[in-house]
Amino acid sequence: MAEQRKLVEVRDLKMYFPINTGILRRHTGDVKAVDGVSFDIYEGETLGIVGESGCGKSTCGRAVLRLYDITAGTIKIDGVEIGAKGQSALRKMRPTMQMVFQDPQACLNPRMTVAAIIGEPLDEHTDWSKAKKLERIYELMDAVGLNRSFANRYPHAFSGGQRQRIGIARALALNPKFIICDEPIAALDVSIQAQVVNLLEDLQDSLGLTYMFISHDLSMVRHIADRVAVMYLGKIVELAPRDALYATPRHPYTEALLSAVPDPDPKVEARVQRIILKGDVPSPSNPPKGCNFSTRCPKVMDICRQIDPEYRELAPGHFTACHLYNDAGETGAPRYECNQQGEDA
Amino acid sequence: MTDAAKPLNPDEAFRPPRNQWWDVWDQFKTHRGALAGLAVFVSIILFVLVGPMIWQVDPGQLNIRMRNQGPSWDYPLGTDQLGRDLLARLMYGGRISVAVGLVAMFLGLVIGTLIGVLAGYFKLLDSPLMRLTDLFLALPLLPLLLILVALFRDTLARTFGESIGVFFLICFAIAITSWMQTARIVRGDVLALKEREYVLAARSIGTPSLRINTRHVLPNVLSPIMVSATLGIASAIITESALSFLGLGFPPDFPTWGRILYEGRDWIEQYPARVVWPGLLISLTVLSVNYIGDGLRDALDPRIRGR
C-alpha cells in the first residue's frame, strides 16, 4: 500500500461559521466547526470519520467538497487544488467528487421522478442525447439494484433504503473517483443498513471508488473502513489503520469512544469496563485553552490545559494528538504535522 | 425518447419516462371541482370571445327610446339607462375584464415570485428587497393608483393608442400594487427550501444557482404561488372595477364588467338584473379560476397525485 497514490490531501482545513450579534450584526466570534484538520485519502481506500454529534464530521465532509467557502487550509483532490477556487471553476471538478447524503427523505426533490433525479448530473455535465442519458440512468439503476420500471416514480413512493439507492445512483452518475458518504446509513433500519453498506462495498470493488465514510456507528466503520479518523470538537484526535485503532487506541477519547460500543455477547457485555466521560462537549464557539479534550479527559495533565498537543505519528500510519505521548521515543520520534504521512499505511 | 428506450425493455409492464405533464393532466381529470371550474371558465372565455360574433350588436349603440327595457327577444338581458344592449355590453366588457384579470395577475405573480426568490435565496438581497416590500405594503394603494394613472395615462395613450395604452397602464398599476403578498409567501418558502438536502445535493452536482432555483426551488413553492394566483385574478378584476368607477380606468364608452356593475348600482332597486349579471360573471370567473387553481395545485404535487 505504500506506493498508493493520494487522491485527496487535506491540510489544516478550517471551517468557521461567524457569529454576528447586536443591532449592527457585528462579528463577535466564530463557531469553529472544523478547526485545523489534516488527512490524506489514498486511491481506492475508505477513510472512516467517527465522532459524536456536533463534532464537525459532516461539516468537514461538506467543506472537503467545497459546498462551503472554507475559512483556511488547502484541499487537493486528484492533484487539483480546490480550496480557494470559485464555484464556477469548481463546476468542472464536480464530476470527480460526489456525495451521498444522510437523510434519504430530504435529499431527493419530491417533484422530480427517479429518472430525473439520477439524470440531473448528466444534464449538468454532459451533452448526451436523451436516449443515451436514459440508457445510462437504467445502467445506474441496475448497478444499485433498483428495478428499471421505477424510473417514472416519485421519491415519496419509495422506502428509505430504496431512496438511499437512488441517492447513490445519482452520486455515481458521472463516474466519480471520490465519494463522501455523509452518514448514509444513519436514517435507515438496521437490516437495510447492511444492504446499503454491502452495496457501497460492491460498488467500491467494481468501480474502484474512494470513500470518505462519515458515521457515528463505530461497528459499521470498523466493517467498511480501511483507516479511521476520530474527531472531537472540530479536530482529528486520532487517525490510524482500522485494526490498529480498534486494537490499541492511543487517545483517551478514542478509548472512551470504543469502550462504549456494545458487545453482542451478554457475558462479555456484563464485564465490559466502560469509560464514562464527565461533563459535556465544550461549545465549538469557545473551545477550552490547550487540548480541546482537557475538560473531560480522564488522564488530564497540567500541560493539557496550557498547550494544544501536536498531531504526530506514533507508529507508522498511527497519528494522534495527545500529550501522553510526548516522550514517545519507543514508537517513533514525534513529528510535526503530517507531512511525512505519505510513507505510512 | 420513447423509441430509443424500447430495445432496452424486455418487460411488458415497463414504460419509458413520459412527459410529466401527462401525469398532471391525469390527476387533474380526477378533480371534479377543477373540471367543473375549467368548463365554466372555458364557457366564459367563449362567451366573451365568440359571443360578439354571434350576437352582433354594437355595445355602444344608444337608443334612448328603448332605455331600461326588461328582457325581450331584441334585448335578451334588457337595456341600460341609455338604451344600450346589456348582453352585448357584458360580452365586450368581459373581454377587457378577463384580460386585465389574467394579465395583471400574471404580472403581479412574476414580480412577486422574482422578488420572493431573490430575497429568499440571496442573503444580501434579502433585507433591501423585504424593506421594499414593506414599503409597498405600507403605501395607501388607491392614491398611488390614482397618481400612476393620472401621470402616465396620456403619455401611454398617445404611444400605444387609447385602449391598448390604458390596458397596459391598468395591468401594470394593478400588478405593481398587488405583488407583495406573493413575494412574502415565496420568500418564506424559499428560505426553508434552500436549506433542504436536495438543494445541497444539487450544489454538490455543480448545478448553478439559476437552475437550482428553476429546478428545485420554484417547483416546490408552486402551491402557495398557485393560491395567490387564483386570488389575484379576483382582486385584479375588482380593482379594475374600482378604477373604472373612479373614472380613471378605461374611457367611459368602454364597457367593462366593473363599470357595468357600478353604473347599474344607481338603479339597483328598480332593475336589480343590471347588477346581478355582471356580478354573477365576475363571481363565476373568480370561482372557476379558484377551482382550477385548486385542482392544478393538487395535480402538480406528486405526493397527492395517484391517490
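This is a predicted model: local features need pLDDT of at least 70, side-chain atom pairs count only at pLDDT 80 or more; totals for chains, interfaces and linings use all residues.

Q: How many residues of chain A are in contact with chain B, and which elements of chain A are involved?

A: The size of an interface is often expressed as the accessible area that is lost when the parts come together. Here the description is by residue contacts: 32 residues of chain A touch 26 residues of chain B. On the chain A side, the elements that contribute two or more residues are β6 (97–100), α3 (114–125) and α4 (130–143). Sorted by class, that side has 16 nonpolar, seven polar and nine charged residues.

Q: How is a pair of packed helices described, and what are the values for α5 and α6 of chain A?

A: Two packed helices are described by the angle between their axes and by the distance between those axes. The axes of α5(A) (residues 160–172) and α6(A) (residues 190–207) come within 10 Å and cross at roughly 20°. Because of that angle, α5(A) counts as roughly parallel to α6(A). The crossing of α5(A) past α6(A) is right-handed.

Q: Which residues of α5(A) and α6(A) meet?

A: An α-helix has 3.6 residues a turn, so residues three or four places apart point the same way. From α5(A) come A:Gly160, A:Gly161, A:Gln164, A:Arg165, A:Ile168 and A:Leu172, and they meet A:Ile192, A:Gln195, A:Val196, A:Leu199 and A:Leu203 of α6(A). This contact has six nonpolar, four polar and one charged residues.

Q: At what angle do α5(B) and α14(B) cross, and which residues meet there?

A: The axes of α5(B) and α14(B) (residues 273–300) come within 11 Å, with a crossing angle of roughly 30°. This crossing is right-handed. B:Leu86, B:Leu90, B:Gly94, B:Val98 and B:Gly101 of α5(B) meet B:Arg274, B:Trp277, B:Pro278, B:Leu281 and B:Thr285 of α14(B). By class, the contact divides into six nonpolar, three polar and one charged residues.

Q: Which residues of α11 in chain B are buried, and what covers them?

A: In α11(B) (residues 209–217), the buried residues are B:Ile212, B:Asn213, B:Arg215, B:His216 and B:Val217. Their cover includes α5 (86–121), α9 (180–193) and α10 (197–205) of chain B.

Q: Where does UniProt list transmembrane regions in chain B?

A: An unreviewed UniProt entry lists residues 35–55, 96–122, 134–152 and 164–186 of chain B under "transmembrane region". In the model, residues 35–55 of chain B are 90% helix and 0% strand, with end C-alpha atoms 28 Å apart. For residues 134–152 of chain B the figures are 89% helix, 0% strand and 24 Å between the end C-alpha atoms.

Q: Where do A:Asp12 and A:Leu233 lie, and is each buried or partly exposed?

A: A:Asp12 is in strand β1 (residues 6–21) of chain A, and A:Asp12 counts as partly exposed because it has 15 C-beta neighbours inside 10 Å. A:Leu233 belongs to the loop between β9 (227–232) and β10 (235–241) of chain A. With 26 other C-beta atoms within 10 Å, A:Leu233 is buried.

Definitions and conventions. Residues are numbered from 1 along each chain as its sequence is written. Chains are lettered from A and ligands numbered from 1 in the order in which they are written. Two residues are in contact if their C-beta atoms, placed from the backbone, lie within 7 Å. Helices (H or I, at least four residues) and strands (E, at least two) are DSSP runs, numbered from the N terminus. Ala, Val, Leu, Ile, Met, Phe, Trp, Tyr, Cys and Pro count as nonpolar, Asp, Glu, Lys and Arg as charged, and the others, Gly among them, as polar. A residue is buried if 20 or more other C-beta atoms lie within 10 Å of its own, exposed if 12 or fewer, and partly exposed in between; C-beta atoms are placed from the backbone. Axes are lines fitted to C-alpha atoms, for helices over the stretch in contact, and angles run from 0 to 180 degrees between N-to-C directions. Angles under 35 degrees count as roughly parallel, over 145 as roughly antiparallel, 65 to 115 as roughly perpendicular and the rest as oblique. A crossing is left-handed if the near helix is turned anticlockwise from the far one by less than a right angle, and right-handed if clockwise. UniProt positions are given in the numbering used here, feature names are shortened, and annotations may be inferred rather than shown by experiment.
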